[in-house]
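I wanted to look up what surrounds the ligand and how the elements beside it are arranged. My notes follow the structure.

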Amino acid sequence: MSNDLAVRVEDLTKRYGRLVAVDKLSLDVNKGEIFGVLGPNGAGKTTLIEVLEGLRTPDGGAVSVLGFDPRRELEMIKERIGVQLQSSSFFRKLRVVEVLNQFRSYYRERADIDELLEMVALNEKRNSFIMDLSGGQRQRLALALALVNKPDIIFLDEPTAGLDAQVRRQLWHTIEQMKSAGKTVLLTTHYIEEAERLCDRVLILDGGRRVALDSPANLIAHARGRSARVRFATTKPFALEPGASFQVIESSRNGNYAYTAQVGNTGRSIVELVSAIERQQNELVELQISRATLEDVFVELTGKEIRE
Ligand SMILES: Nc1ncnc2c1ncn2[C@@H]1O[C@H](COP(=O)(O)OP(=O)(O)O)[C@@H](O)[C@H]1O
Ligand SMILES: [Mg+2]
């Protein structure tokens, strides 16, 4: 295994009875990158992470973490991986600093508690009881706990699930700081925006299978031309004509009649749209073209929308 690789997954298959949760999956995670696994519920994200953490045995294929097999050589990697625990399992009646100290004591390498608190912005809460923390503060504590042993690789399973947009942004910042500190982060998410903004590379996983793997920019670039979004508004209702090369996916009434269309060939669709509007003796009052987002790519590749 190359020294630049943090994680290698080759042809991994994991079944639960007859259900194939991960299906012949291969991927490499480079050292120092934020690698995202994006997929809807049931895609196999948690299963993948748990195999890498040595909690589940593969049924086929092989995985290695820093060159070691997590199943047989867990001792070799335990000190070097950071694992995020579910916040519900925290000891409610312990203080933040006590929990951190306790988890720290399990390891040879120990991070500085003040630095950790600083990084997750929980300095002011160091003496608070866990039960008095908000959901977002608990998630931040979970990140700090994943860092107590100064790990090289951090596994985060949906670190921002259920948090509001502002708290999610704070956590992104913390995860970016981990990367700046030279760490490798492998995270799962079902938030497309999170994958697009945060990750160097994204694996799109669906039904345990790899649908795509690339940087968000490349994923979007490959889809561009095939999918862009056009928003337009007319003074009267607009009727899509038979054989149109684009598709209206949303319409609303807000003074004018507003539409969002998914287009393949942007130029051709705009020409078509404008002449249809003229033929219908309607009037175009607004027109906006935006490039494809990772969400468009996701829908195109999986035929699914991810909804929170
Ligand atoms: N312990 C288990 N026993 C049986 N089926 C499971 C178990 N854990 C997960 N599954 C199933 O495996 C599939 C993948 O689950 P999971 O890895 O949790 O996906 P995700 O984290 O992407 O939501 C799902 O269909 C799920 O219902
Ligand atoms: Mg999961």
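I looked past the end of helix H1 and found Gly54 following it, with a positive phi near 80 degrees. Helices are DSSP runs of H or I with at least four residues, strands are runs of E with at least two, and both are numbered from the N terminus.

I noted that this is a predicted model, where local features need pLDDT of at least 70 and side-chain atom pairs count only at pLDDT 80 or more, while totals for chains, interfaces and linings use all residues. Residues are numbered from 1 along each chain as its sequence is written, and chains are lettered from A and ligands numbered from 1 in the order in which they are written.

H1 is largely enclosed by the rest of the structure, because six of its eight residues are buried. These are Lys45, Thr47, Leu48, Ile49, Val51 and Leu52.

I then listed the shell of ligand 1 (C-beta atom, placed from the backbone, within 6 Å). Its residues are Tyr16, Leu19, Ala21, Gly39, Asn41, Gly42, Ala43, Gly44, Lys45, Thr46 and Thr47. Strand S2 (19-30) and helix H1 (45-52) each give two or more residues, and H1 gives the most, with three.

Last, I turned to the strands, which pair if DSSP finds at least two bridges between them. S1 (residues 5-16) and S2 run antiparallel, joined by eight bridges. Val7 stands opposite Val29 in S2. In their hairpin, with two residues between the strands, Gly17 has a positive phi near 60 degrees.

Terms used. A residue is buried if 20 or more other C-beta atoms lie within 10 Å of its own, exposed if 12 or fewer, and partly exposed in between; C-beta atoms are placed from the backbone.
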